[in-house]
Amino acid sequence: MAESENRDLNYLIGELENGDWRRKEDAAELLAELADPQAVDPLIKALKDEDCHVREAAALSLGVFEDKKVIAPLIEALDDERASVRYAAAVGLSGAGDKSAISPLEKASNDENPVVKKVAQMALNSIKERQ
């Protein structure tokens with residue numbers, strides 16, 4: 001990794017951990033663009049942030065990583081109190097494409113929120129097609 005990319009990565013991880021919610025949200029989105037595996041653990045941690053915008057951005061961002069350790073935290077996020085986070089977790093699981101998400105996504109396809117329900121079904125179909 002180039003020195004400037006490493007500096008950007010470290011800066012964004014710092015913002016994700018210490019910024020206000022808007023800066024954390026932006027940092028999560030930018031970490032997805034960098035797609036550096038070192039961002040996985042801080043993004044997983046951000047799934048527990050008190051702000052739903054940060055949790056949503058972290059869930060969406062984790063979907064770009066082909067790392068098995070993102071699956072369980074994203075499955076857990078399918079039970080978040082906020083529909084936007086549940087939606088993002090389903091999208092993230094779709095991107096990760098792991099078959100262990102099938103059963104949790106089947107459950108999420110019965111979510112009370114129609115958008116979450118639809119996205120969970122689409123994620124389920126996407127994962128099944130790849131198997």
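Q: How many salt bridges does the structure hold?
A: Happy to start with the ground rules: this is a predicted model, in which local features need pLDDT of at least 70 and side-chain atom pairs count only at pLDDT 80 or more, while totals for chains, interfaces and linings use all residues. Residues are numbered from 1 along each chain as its sequence is written, and side-chain values use heavy atoms, with hydrogens and water left out. A salt bridge here is a side-chain nitrogen of Lys or Arg within 4 Å of a carboxyl oxygen of Asp or Glu. By that criterion, the number of salt bridges in the structure is nine.

Q: Which residue forms a salt bridge with Glu76?
A: Side chains of opposite charge can pair when their charged atoms come close. For Glu76, the closest N and O atoms of the pair are 2.2 Å apart, and the partner is Lys48. Glu76 lies in helix H5 (residues 71-77) and its partner in the loop between H3 and H4, so the pair ties together parts that are 28 residues apart in sequence; helices are DSSP runs of H or I with at least four residues, numbered from the N terminus. The residue that pairs with Glu76 is Lys48.

Q: Is Asp98 buried or exposed?
A: Asp98 forms a salt bridge with Lys68, with the closest N and O atoms 2.4 Å apart. Asp98 sits in the loop between helix H6 (83-96) and helix H7 (102-108), and Lys68 in the loop between H4 and H5, so the bridge ties together parts that are 30 residues apart in sequence. Buried means under 20% relative accessible area, exposed over 50%, and partly exposed in between (1.4 Å probe, protein chains only). Lys68 is exposed at 63%, whereas Asp98, with a relative accessible area of 10%, is buried.

Q: How many residues apart are Glu106 and Lys128?
A: Glu106 and Lys128 form a salt bridge whose closest N and O atoms are 3.6 Å apart. The pair links distant parts of the chain, Glu106 being in helix H7 and Lys128 in helix H8 (residues 114-130), and the separation is 22 residues.

Q: Which residues form the negative surface patch?
A: Patches are made of residues with over 30% relative accessible area and no salt bridge, like charges being joined within 9 Å and nonpolar side chains (Val, Leu, Ile, Met, Phe, Trp, Tyr) within 5 Å. Asp and Glu count as negative, Lys and Arg as positive, and His and the chain ends are not counted. One member, Asp26, is in helix H2 (residues 21-34) and counts as partly exposed at 42% relative accessibility. The patch is formed by Asp20, Asp26, Glu29 and Glu33.

Q: The side chain of Arg55 reaches the backbone oxygen of which residue?
A: Arg55 is in helix H4 (residues 52-62), and at 7% relative accessibility Arg55 counts as buried. Its side chain reaches a backbone oxygen at 3.1 Å, and that oxygen belongs to Glu50.

Q: What is the phi of Ala35?
A: Ala35 is in the loop between H2 and helix H3 (40-46), and counts as partly exposed at 39% relative accessibility. Its phi is positive in a residue other than glycine, with a value near 55 degrees.

Q: How far apart in space are Ala27 and Val119, C-alpha to C-alpha?
A: Ala27 is found in helix H2 and is buried, with a relative accessible area of 2%. Ala27 and Val119 are 92 residues apart in sequence, and their C-alpha to C-alpha distance is 24 Å.

Terms used
Accessible areas come from the Shrake-Rupley method with a 1.4 Å probe; for residues, only the protein chains shown count as cover. The place of a charge is taken as NZ of Lys, CZ of Arg, CG of Asp or CD of Glu. Helices (H or I, at least four residues) and strands (E, at least two) are DSSP runs, numbered from the N terminus. A polar contact is a pair of N or O atoms within 3.5 Å; within protein, one must be able to donate a hydrogen and the other to accept it, and residues adjacent in sequence count only if both atoms are side-chain atoms.
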